[in-house]
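Here are my notes on this model, as numbered points. Please read them with the coordinates open.

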Amino acid sequence: MTPPAGDRDPAHTPVRPVRVLLCDDHAVVRAGLLALLSSAHGIEVIGEAGDGEEAVALAAALRPDVVLMDLQLGSGIDGIEATRRIAGLPERAAEGEAERADGRDVERDAAGRSAAGRDATGRGATGRGAPHVLVLTTYDTDADINRAIEAGATGYLLKAERPEELFSAIRAAAAGRSTLSAPVAHRVLAQMRSPRPGLTDRELDILGQLARGLSNREIARALFISEATVKTHLGRIYDKLGVDTRAGAVSVAKEQRLLP
């Protein structure tokens, strides 16, 4: 006989595992993560995606607690854009999902609400928001970190971390708590202490032309500005990127992913 709700022992209440969706364009990496996470108590991998579009689609359909997201995903959208789309997914009713998964119809009452407590918008009394995205990557440049956080990533972890750190970060992300690898946290703090001025739209335009190998005169013609203006902007770009050559500016811009 099942004891009344008030008499149940909380210690014996089953805890739902953290449901994880993997997104990495390398099948071998996904297989390794699957094997690793299968050994962790309270973590369940419910799906795998090999590109950004697939990750967004699976995140919308499966509603994992955490999406483990790589940044470089080959063709298609990258991990940053996938993170932005997943973080922007609309809330979904937490109650009644089992009924839908089993293919059972949920009866609606006269007020237009379902037996699971959903109203006409599909949002339940207890709603489930967008999945949390935990970035897992080898890249730790300022540009990557900033873009991931701005896109809505809950945490940013490097692949060099120990398995225990990964498990802990996944559980933290599921609870909505941020986790950063130590090197990433150091870079974030360094930026806060001495922020580097960002490039303006015009400076980014000139940087893009620079990457194409154009001369100052050619850049001026392409952007309909004077050569003197090009030189002024180049000086500012060099200062902001901490370089003193055209090649150095392009190299740093590529490293920080400032170029499309």
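**Notes on packing and pairing**

1. Asp 142, Ile 145 and Asn 146 in H5 meet Val 184, Arg 187, Val 188 and Gln 191 in H7. Contact here means heavy atoms within 4.5 Å. Helices (H or I, at least four residues) and strands (E, at least two) are DSSP runs, numbered from the N terminus. By class, this contact has 3 nonpolar, 2 polar and 2 charged residues. Ala, Val, Leu, Ile, Met, Phe, Trp, Tyr, Cys and Pro count as nonpolar, Asp, Glu, Lys and Arg as charged, and the others, Gly among them, as polar.

2. A word on provenance. The model is predicted: local features need pLDDT of at least 70, side-chain atom pairs count only at pLDDT 80 or more, and totals for chains, interfaces and linings use all residues. Residues are numbered from 1 along each chain as its sequence is written, and side-chain values use heavy atoms, with hydrogens and water left out.

3. Back to the H5 and H7 geometry. The axes of H5 (residues 142-151) and H7 (residues 182-193) come within 10 Å and cross at roughly 90 degrees. That makes H5 roughly perpendicular to H7. Axes are lines fitted to C-alpha atoms, for helices over the stretch in contact, and angles run from 0 to 180 degrees between N-to-C directions. Angles under 35 degrees count as roughly parallel, over 145 as roughly antiparallel, 65 to 115 as roughly perpendicular and the rest as oblique.

4. How do H1 and H6 cross? The axes of H1 (residues 27-38) and H6 come within 11 Å, at a crossing angle of roughly 80 degrees. H1 is therefore roughly perpendicular to H6. Leu 33, Leu 36 and Leu 37 of H1 make the contact with Pro 163, Leu 166, Phe 167 and Ile 170 of H6. The residues divide into 7 nonpolar, no polar and no charged.

5. Next, H8 (residues 201-211) and H9 (residues 216-223). Their axes come within 10 Å and cross at roughly 130 degrees. The two helices are therefore oblique to each other. Arg 202, Asp 205, Ile 206, Gln 209 and Leu 210 in H8 meet Ile 219, Ala 222 and Leu 223 in H9. This contact comprises 5 nonpolar, 1 polar and 2 charged residues.

6. Now the sheet. It is open, with 5 strands in the order E2-E1-E3-E6-E7 and parallel pairing. Two strands pair if DSSP finds at least two bridges between them. E2 (43-49) and E7 (155-158) are the edge strands, each pairing on one side only. Neighbouring strands are turned by 25 degrees against each other on average, direction ignored.

7. E1 (residues 18-23) runs parallel to E2, joined by 6 bridges. Arg 19 stands opposite Glu 44 in E2. H2 (residues 52-62) lies across E1, E2 and E3 (66-69), at about 135 degrees to E2.

8. How many salt bridges are there? The count comes to 10, taking a side-chain nitrogen of Lys or Arg within 4 Å of a carboxyl oxygen of Asp or Glu. One of them joins Asp 70 to Lys 159, with the closest N and O atoms 3.6 Å apart. This pair links distant parts of the chain, 89 residues apart. Asp 70 is in the loop between E3 and H3 (79-87), and Lys 159 in the loop between E7 and H6 (163-174).
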